[in-house]
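Dear colleague,

Please find below the structure that I am handing over to you.

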Amino acid sequence: MARLAPKVLNLNESDRSELQQLINRHNTAQQLVLRAKIILLASEGKNHGEIARILDISLDMARLWRNRWFETSDKELSIVQRLQDSERVGAPIKFTMEQVIELFALACSSPEDYGRPISHWTARELADEIIKLGIIQSISVRHVGRLLEEAELKPHQSRYWLTPPSR
């Protein structure tokens, strides 16, 4: 069965010039340089196999970036944006904003209010307490630490402003 040639990629002079400048720049990420080279070779009439051999990449990668170039052609994107990785979906969010706010409120409260015989909250104590209260079914100690770090909350320092260090 005969193979079909890939779709012809026509670049205008400004796009070609911008891609070449991107390749020649010393601070351009190598991923972008490689993708720009793929597009330039495709615009010279090279097929996927030729591009793959010239750049020492997989056939799938040559095909992917030619197709991605066509997919983004109707969108108002810069050349660099067209050569960027597409957004990844990632894992679904496990905790609602209300649950995270409850965690922050707990971190800002006194451990004695919850019957804990400690003077300051630790990530482990917070994780145990928030699960015990039924706000969150399960959360790792490390995740509690990350959430507090992102919010720049430091429960172990929460009372320092009330009792300044003695001189």
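Predicted model: local features only at pLDDT ≥ 70, side-chain atom pairs only at ≥ 80, totals over all residues.

I79 belongs to helix 5, which covers residues 79-82. Leaving aside residues up to four places away in sequence, I79 touches D15, E18, L19, L22 and W69. The C-alpha atoms of I79 and R16 are separated by 9.9 Å, and these two residues are 63 residues apart along the chain.

**Helix 2**

Helix 2 covers residues 30-43. Its 14 residues should span 20 Å at 1.5 Å a residue, and this agrees with its end C-alpha atoms, which are 20 Å apart. How enclosed is helix 2 by the rest of the structure? Helix 2 is largely enclosed, because ten of its 14 residues are buried. The buried residues are L32, V33, R35, A36, I38, I39, L40, L41, A42 and S43. They pack against helix 1 (13-24), helix 3, helix 4 and helix 5. After helix 2 comes G45, which has a positive phi, near 95°.

Helix 4 has 13 residues, and the distance from its first C-alpha to its last is 18 Å, close to the 18 Å expected at 1.5 Å a residue. Its buried residues are A62, W65, R66, R68 and W69. These residues cover an arc of only 160° around the axis, which puts them on the same side of helix 4. On the other side of helix 4, the exposed residues are D60 and E71. The cover over the buried residues of helix 4 includes helix 1, helix 2, helix 3 and helix 5.

How are helix 2 and helix 4 oriented to each other? The axes of helix 2 and helix 4 (residues 59-71) come within 9 Å and cross at roughly 80°. An angle from 65 to 115 degrees counts as roughly perpendicular, and helix 2 and helix 4 are therefore roughly perpendicular to each other. On the side of helix 2, the contact is made by L34, R35, I38, I39 and A42, which meet M61, A62, W65, R66 and W69 in helix 4. The residues of this contact comprise eight nonpolar, no polar and two charged.

D56 lies in the loop between helix 3 (48-55) and helix 4. Its phi is near 55°, a positive value in a residue other than glycine. Is D56 buried or exposed? With a relative accessibility of 71%, D56 counts as exposed, the limit for that class being over 50%.

**Helix 6**

Helix 6 (residues 97-108) has twelve residues and reaches 17 Å from its first C-alpha to its last, close to the 16 Å expected at 1.5 Å a residue. Q99, V100, L103, F104, L106 and A107 are the buried residues of helix 6. Viewed down the axis of helix 6, they fall within an arc of 160°, so they line one face of the helix. M97 and E98 are exposed and sit on the face of helix 6 turned away from its buried side. The buried residues of helix 6 pack against helix 7 (123-132) and helix 8 (141-150).

**Helix 7 and helix 8**

Helix 7 and helix 8 also pack against each other, at an angle of about 105° and with their axes 8 Å apart. That angle makes helix 7 roughly perpendicular to helix 8. In this contact, A123, R124, L126 and A127 of helix 7 meet V141, V144, G145 and L148 of helix 8. The contact residues divide into six nonpolar, one polar and one charged.

R124 is located in helix 7 and takes part in the contact with helix 8. The C-alpha atoms of R124 and L148 are separated by 12 Å, and the two residues are 24 residues apart along the chain.

With kind regards

How values were computed
Residues numbered from 1 in each chain as written. Heavy atoms only, no water. Helix = DSSP H or I, 4+ residues; strand = E, 2+ residues; numbered from the N terminus. Contact = heavy atoms within 4.5 Å. Expected span 1.5 Å × (residues − 1). Buried < 20%, exposed > 50% of the residue type's maximum accessible area, 1.4 Å probe, protein only. Arc of directions from axis to C-beta. Axes fitted to C-alpha atoms, helices over the stretch in contact; angles between N-to-C directions. Parallel < 35°, antiparallel > 145°, perpendicular 65-115°, else oblique. Nonpolar A, V, L, I, M, F, W, Y, C, P; charged D, E, K, R; others polar.
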